[in-house]
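User: I would like to go through some of the labels used for this model and ask what each one rests on. Please set the values against the cut-offs where a step needs them.

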Amino acid sequence: MPTGTEGNAPPGGRVAWADVAKGACIVLVVLWHVVVKDYLRVDWRVGLPVPGAWGLLGEQLLPLRMPLFFAISGIFAANAVARPWRVAGRPRIARNLYLYAIWLLIHTALLAPAPGFPTDRATDSGELLAQLTVTPSNLWYLYALALYFVIAKALRRVHPAVLLTAAGALSAMAATGLLDSPGNRGQVYQNLVFFLAGVHLRPYLTRWADGASTRRLAGTGAAYAVALAVMAFAGAQRWPGVYLLVSVLAVAFGLTAAARLARYRLAGPALARLGRRTLPVYVIHMPVLALLDRLLATPVAGLPGPARALLVTVYPVLLTALVLALSLAAHRGLTALGARRLFDLPRRRVHSNPEGETMPRTDAPVLPDRTRVEEAARALSGRVVRTPVLHSPAIDRLAGTRVLLKAENLQDGGSYKMRGAMLAVGRLAAAGHTGVVAQSTGNHAVAVALAARRHGVAATVVLPVDAAPVKVDRARAAGARVVRAGTTVEERLAVARRIAEVDGHPLVDAYDHPDVVAGQGSASLELIEEAARRGTPLDALVVPVGGGGGIAGACLAAAGTPIQVYGVEPVGCDSLARSLAAGRPTPVAPAPSLADGLRPGCVGDLPFAVARTAVRGVVLVDDDAIAEAFRLLLLDLKVLVEPSGAAALAGALRLGEMAPRPSDGGRRLTVGVVLTGGNVEAEVVARLAGARMTVGVAA
């Protein structure tokens, strides 16, 4: 349930249904507590069976709420179970136990003035010690998460069938009442099987949710309802295995319902947003409910008869909504006051660099090298597309060189940014981080959203208010929370850093990050290798420059070879060119340009440190040249590339007078071009494709 513990999405699955399931479950948990701890204790005196109906409804949902919670939690924990103890122990075990202990103390203090409020609370040191150790309180979910993860990791080499059978037997015995289970210990016994099912049956559960249909929803709902009716009619709730079977049917229904709800425009996003913020609701809602019970119960019972008769039906819904809102508001207030330690484990004494990695204060930043690009290429093999290298004789004639084009517009997410994002997010996830934050004009945000979904972590991306709609839509479709902020990189970065600080998630910078640089460099490395395989080794490599991650990666990929690396920048957006001349990163006020992805304002510190001695030169191109290259690619190679990617070809077409000739004068110069992305608006395509070409492409 807690977002920071579980992440954002089942690996390889759609984020929407998982977050919707979490959101729905926390609503049901709060509703149940509202009903049994407040609503049913009010003297309604209306002569209607409505209170009993609400109580009955809550009881029928008992087999669904916590089993579904823990199945989702197990799905989120599946990757972490395979990580080393030293990596997974802090976020998955220590963090949950810390949150359990600190909020148990808070609850004990806050609930002491309300002795009549019906919830577990310690009244002496002995009871408090028991709740901290063997008899968990109403915060038992956090306690169970830590315990379940230890069990799942310690026994991960045991065959899943054996584990699930043993856990199922434990659940069945607990449901019969055969085990001593004071407090919430029985809940801990009963739900282990669902967490382990999430861990070991993750592919099957995610496929089940992804394949949800209306027919399946009706079928699972009917099976759940029939099972509840039979269990109640036969009085079989304590028969061995019956309650467990009903809970299994309930989880199947819950997964299906969440997947269907995720497709609804209003309910899906609302529940998904709540699903990403369940931790504060879970730990705060009980004291909030106790306060509201004290403030409202007596006045409500004293209302005139008609008012009570009207309110009795909707009161649980209204109070649930109020508790949720107040819990989230309290979380925002506490966070704004700097009380982040109430919601996350205190950090070690390290400082976070802008790339989102952590390092001891005594460490100096180390620049990546070619070895890191080669390692990145190996790590990304099979996880990103090895895009084709294209060749056009017509383009060769126009350029006066052989031009090989690396079609990264065909990459997952539509750009080579997927490479750096997959590498960076993957390593952060492996280190135990459960969410990431990113900012960009679009492609990096889309890539981080996709990478986060694949690695089962949350993603928040900050985009400019004038970002291309296609990039905004793709980021949202990948499951990221999208925040719009300003039009400059400084504005976006300030917002991204605030979000990272509040959420406790690392910032994956679009270019000032060693893993991003190495990942982007894998595209250039593949191009170099493919050119050599064809017997036409590269003499030059041309990469468009925005923040500089791609050009820095290209420099690393070409290190130790005679390949000359050139950057391409739009006129008026020439931060790299000015930085090379000044000897330091130099910002510019970006001019308007077709190439929206090449307008960050300033090349990054890390890319500049790599490129300052490795870049041969920078080619400046205007919008006319970019548009010409765009049409050339579209009409001759039938390749759709966004203007930022087409800028690379525009630069290559102007490179003849700048690039050195091959040392063996009998060979034609071979230039490699990285077509960095293909996320382009339909109206831009129509406008550029319909314009008249000034150069021919005839054979």
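User: What makes a set of residues here the largest nonpolar core, and which members touch the most others?

Analyst: The model is predicted. A nonpolar core joins buried nonpolar residues through side-chain atoms within 4.5 Å, and the largest such set has 103 residues. Trp 17, Phe 70 and Val 283 touch the most other members. Helix 14 (residues 278-301) supplies the largest share of this core, 13 residues. A separate, second core has 66 residues, among them Leu 404, Leu 541, Ile 551 and Leu 606.

User: Which residues is Phe 70 in contact with, leaving aside its neighbours within four places in sequence?

Analyst: Phe 70 is in contact with Trp 140, Tyr 141, Ala 144, Leu 145, Tyr 148, Asn 191, Phe 194 and Phe 195.

User: Why does Ser 440 count as buried?

Analyst: Buried means under 20% relative accessible area. Ser 440 has 6% relative accessibility, so it counts as buried. Ser 440 lies in the loop between strand 5 (435-439) and helix 19 (443-455). Beyond four places in sequence, its contacts are Ala 445, Val 462, Leu 463, Pro 464, Arg 492 and Ala 510.

User: How do you know that the span of helix 15 agrees with its number of residues?

Analyst: Helix 15 (residues 305-336) has 32 residues, so at 1.5 Å a residue it should span 46 Å. The end C-alpha atoms are 43 Å apart, which agrees.

User: Where does helix 15 bend, and what follows the helix?

Analyst: Helix 15 bends by about 60° at Val 314, with a proline, Pro 316, following within four residues. After helix 15 comes Gly 338, with a positive phi near 90°.

Technical notes
Residues numbered from 1 in each chain as written. Predicted model: local features only at pLDDT ≥ 70, side-chain atom pairs only at ≥ 80, totals over all residues. Heavy atoms only, no water. Helix = DSSP H or I, 4+ residues; strand = E, 2+ residues; numbered from the N terminus. Buried < 20%, exposed > 50% of the residue type's maximum accessible area, 1.4 Å probe, protein only. Contact = heavy atoms within 4.5 Å. Expected span 1.5 Å × (residues − 1). Bend = angle between axes of the 7 residues up to and from the residue.
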